[in-house]
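Walk me through this structure, please. I am new to it and would like to know how its parts are arranged.

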Amino acid sequence: MNTPIYLTGTGQTRFAEHWDMSIKDLMEESIDSAIESAECTALDIDMVVVANMLGEVASDQAHLGAMAASLLPHHPPALRAEAACASGAVALHTACALLESGKAQTVLVVGVEKMTDIAPGKIAAGLMGAADAQKDAPSGLTFPGIFGLIAARYMHEYSLSRDRLNHVSARHHKNAVSNPFAQFCKEIPAESISASAKVADPLCMLDCSPISDGAASVILSTKFESPIRIAASQLATDTLSIADRPTITSFAATKDAMRAALEEAEIDRTDIGHIELHDCFSIAALISLEDMGFANPGEGIALYEKENKMTINQSGGLKACGHPVAATGIKQVIDVSKQLKESKSRHGLAHNFGGAAATCGIHILSHA
Amino acid sequence: MRNTPAANHRAQKDLQNKLQEGTILSHTIVRHPPEGFPTKPRVIGLIELEDGSRVTAQLIANCQLPTAIGMKVIPKMRLSRVNAQGLRTYDIAYEVPLQKPVKEEFPGYILALTGPSGVGKTTVSLLLSAKVGNCERVPILTTRKVKEGDQDEYTHVSPEEFLALKNDGKLATFTSIPSRDEKRLYGYRSEDIEKIWKEKKIPVIITEMNLLQGLASHYGRRSILSCGLLPPGKSKRQMLSALLHRLRDRGRDTEQQIEDRLKNAEADLAFFKDRKELFDDLIVNDDVDIVVGQLGGLVLERVKA
């Protein structure tokens, strides 16, 4: 970072099925609580960046930048960022670029998704927009299907048993019990995971993050200081289709973003005390841990089978908190900041990817 | 997936490239396919094709996880989905080939004559054996009772003997044709056919739909010179009437049996049309000598080639 960027305000709605709330209502609630927690006032916000993927598909609503700006008294300039499930990270990255360039001094970043208004089949088809529409979608694949392929291959290559994989979702649910913003604040025993309905073999329903409504907002500033600072913001990309990659049991974008983020923050991965990683499906958590270098290939599951010094998805992750697509990347940063404030750790990391990690965004937060 | 004609057209540009054999890298069963696809679970695989490129596509086979990884697949054109306007989209799916025992070497040609009762199959086959040097009729194994007027074409066996032969796998093909008073089994012994091949001759076999299909799957379709014999006549009605007269002239059957045979004949005539791929030639039996000449020519042509 050329200039120190501070995380001055954070706010989110509970991730849940909000039948009575629209995109605008969700944004409003999260923006209000972000402003309330910030050092600055609403009028100090110079720009708004909105992250959203499915506005057109699920709510017939585009043009969300202006919609978010209209919730502020002075209608600041606004724009929208979209990169499927990584929209949140891309919006944060955009905000960092605006702040570093001096174009703005205080930026509001809002991630919002409204998913429960349309039928699950339509949402599944809409989410396939994150994959290659001409290569992957015509076969009838869904995102659980893509990760089913990845999981089947991973389990084949590394002889991972279905029973061991159960620990991932079980741990996430256990972590979410104390998180009031989580969609499912409920412990689920490991053996129930593989006993749930099959979605895309070998993945079961409880391996998959749910469909959720929700919004999360942060206020980043170079002007208003706070103890939490963005130490690194990095993006990396890969092919949209998993068929165009040499391997599907490792995500190159995560590796690239991680390398660049550690370099930018000038820290070692052992300095990191908390991570929030993108566990859209249980298998993705293992692959992400391995690609970020916290475990050797094939051994990611070991981190879920014992207690570690570094916390992993203490919030409950996407599995238990819910996964309102574009809000997730921003919610992860909020959770990491909360964890840093509570513990004595200095560094925390948010790992957010879109599609099958075709876009990966990594943010490192540092506590003064 | 909007599934519009233009989007389909673009998506299918690389169809030609997908027409390759490949290996399954991974596979899954999508239990809830997205909107626009049939709702039943869909098996989808990530396939590495022979040229090294990879595709995701539907798999045809009931794969058991995780055993299908590494299996070879072959491309097949399949109906993928139908959109709301009724546009049918076909796409390449990959099939795990069944492990069928494929006869590796080409055993030789068999001349198979198919046709309705009374069309003259037996007469033609007898004449072929007599006049064309390298043809020999294969005796039909049957459990039916000896009847007056049989032209020495059957080898009679008891039903028990027949079943024993069948269970020992000694029959190349067999069928059961029920009649009013008995259940008749017909078949051919592999040993009879292979003996004729050893003498460098072509076996001539009289078949009907089940016998022909059995023979084709036993020796392979390309071993069979399959000819359908049609009664003379421009319409089905005329053909059936020609058969009726011949059966009456033959005087072997009662009027009741003739009626049954004519009913079967209708099915036989339909079979020529429905299973065209099982026949190399359809010949009208107007004059027996011409038919024998034609068949003799066909045999010579094949044997030379």
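In chain B, the centres of domain 1 and domain 2 lie 42 Å apart, taken over C-alpha atoms. Domain 1 covers residues 15-95 and domain 2 covers 110-304; such bounds come from an automatic or database domain assignment. The model is predicted: local features need pLDDT of at least 70, side-chain atom pairs count only at pLDDT 80 or more, and totals for chains, interfaces and linings use all residues. Residues are numbered from 1 along each chain as its sequence is written, while chains are lettered from A and ligands numbered from 1 in the order in which they are written.

Stay with chain B and look at its overall form. A compact globule of 305 residues would have a radius of gyration near 19 Å, but chain B has 25 Å. The radius is taken over C-alpha atoms, and the globule rule is 2.2 Å times the number of residues to the power 0.38. Along its principal axes, the C-alpha trace of chain B spans about 70 × 45 × 40 Å. Buried residues make up 33% of the 305. A residue is buried if 20 or more other C-beta atoms lie within 10 Å of its own, exposed if 12 or fewer, and partly exposed in between, with C-beta atoms placed from the backbone.

Chain B holds nine helices and 14 strands. Helices (H or I, at least four residues) and strands (E, at least two) are DSSP runs, numbered from the N terminus. Five of the strands form an open sheet in the order S7-S12-S6-S13-S14, with parallel pairing. Its edge strands are S7 (135-137) and S14 (281-284) of chain B, and each pairs on one side only. Two strands pair if DSSP finds at least two bridges between them. Neighbouring strands of this sheet are turned by 30° against each other on average, direction ignored.

Three bridges join S7(B) to strand S12 (residues 202-207) of chain B, and the two run parallel. Within S12(B), B:Pro203 is the bridge partner of B:Glu136. Helix H6 (residues 209-219) of chain B packs on the sheet, touching S6 (110-114), S12 and S13 (224-230) of chain B. The direction of this helix makes about 160° with that of S6(B). Axes are lines fitted to C-alpha atoms, for helices over the stretch in contact, and angles run from 0 to 180 degrees between N-to-C directions.

Where does chain B meet chain A? There, 29 residues of chain B are in contact with 29 residues of chain A. Contact means that the C-beta atoms of two residues, placed from the backbone, lie within 7 Å. On the side of chain B that touches chain A, the elements giving two or more residues are helix H1 (5-11), strand S1 (22-30), strand S2 (42-49) and strand S3 (54-60) of chain B. S1(B) supplies the largest share, six residues.

Turn to chain A. With 368 residues, a compact globule would have a radius of gyration near 21 Å; chain A has 19 Å, which agrees. Of these residues, 63% count as buried. Chain A has 13 helices and 12 strands. One of them is helix H6 (residues 143-158) of chain A, with 13 of its 16 residues buried. H6(A) reaches 22 Å from its first C-alpha to its last, close to the 22 Å expected at 1.5 Å a residue. That expected span is 1.5 Å times one less than the number of residues. Just after H6(A), A:Ser159 takes a positive phi of about 50°.
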